[in-house]
Amino acid sequence: MDAKELIAQANAQQPQLIAQFKQAVASEQLAHAFLFTGPRGRGQDLVADWLAMRLMCRNVTADGQPDGMCDQCQRICLLYTSPSPRDGLLSRMPSSA
Ligand SMILES: [Zn+2]
């Protein structure tokens with residue numbers, strides 16, 4: 001998944017949350033920390049990645065979206081969408097069931 005796909009998926013999966021974050025960033029009233037919780041598959045990671053891109057992006061679009069093309073967006077996308085070395089360790093751990 002590239003940065004533009006990640007941005008599009010975050011907007012498609014959690015449009016209301018993205019709108020709230022856009023408003024919070026635009027009004028400079030962003031909390032100092034966020035906890036993304038909930039059942040799997042609800043887009044917590046996507047929204048967290050989107051927020052990281054929005055805060056670090058060098059070329060935010062007129063409608064408050066990260067561009068997905070600058071070096072910061074590319075780095076965040078690569079960092080958060082790459083498999084972690086821990087992923088292999090977790091799959092090799094014996095199941096507790
Ligand atoms: Zn960017």
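The questions below take the terms one by one.

Reply: This is a predicted model, in which local features need pLDDT of at least 70, side-chain atom pairs count only at pLDDT 80 or more, and totals for chains, interfaces and linings use all residues. Residues are numbered from 1 along each chain as its sequence is written.

Me: Which residues make the contact of α1 with α3?
Reply: From α1 come Ala3, Leu6, Ile7, Gln9, Ala10 and Gln13, and from α3 come Leu46, Val47, Asp49, Trp50 and Met53. Two residues are in contact if their C-beta atoms, placed from the backbone, lie within 7 Å. The residues of this contact are eight nonpolar, two polar and one charged. Here Ala, Val, Leu, Ile, Met, Phe, Trp, Tyr, Cys and Pro count as nonpolar, Asp, Glu, Lys and Arg as charged, and the others, Gly among them, as polar.

Me: What makes α3 roughly antiparallel to α4?
Reply: The axes of α3 and α4 cross at roughly 155° and come within 9 Å. That angle is over 145, so α3 is roughly antiparallel to α4. Asp49, Ala52, Met53 and Met56 of α3 meet Gln72, Cys73, Ile76 and Tyr80 of α4. Six of these residues are nonpolar, one is polar and one is charged.

Me: How do you know whether cysteine 57 is buried or exposed?
Reply: Count the other C-beta atoms (placed from the backbone) within 10 Å of its own: 20 or more is buried, 12 or fewer is exposed, and in between is partly exposed. Cysteine 57 has 21, so cysteine 57 is buried. Cysteine 57 is in the loop between α3 and α4. Leaving out residues up to four places away in sequence, cysteine 57 touches Pro66, Asp67, Cys70, Gln72 and Cys73.

Me: Why does arginine 42 count as partly exposed?
Reply: Arginine 42, in the loop between α2 and α3, has 14 C-beta neighbours inside 10 Å, and therefore counts as partly exposed.

Me: What makes a set of residues a nonpolar core?
Reply: The set must consist of buried Ala, Val, Leu, Ile, Met, Phe, Trp, Tyr and Cys residues joined through C-beta atoms within 7 Å. The largest such core here has 15 residues, and Ala10, Trp50 and Met53 have the most contacts inside it. Two or more residues come from each of α1, α2 (15–26), α3 and α4 (71–81). α3 gives the most, with five residues. Buried residues make up 20% of the 97 residues in the protein chain.

Definitions and conventions:
Helices (H or I, at least four residues) and strands (E, at least two) are DSSP runs, numbered from the N terminus. Axes are lines fitted to C-alpha atoms, for helices over the stretch in contact, and angles run from 0 to 180 degrees between N-to-C directions. Angles under 35 degrees count as roughly parallel, over 145 as roughly antiparallel, 65 to 115 as roughly perpendicular and the rest as oblique.
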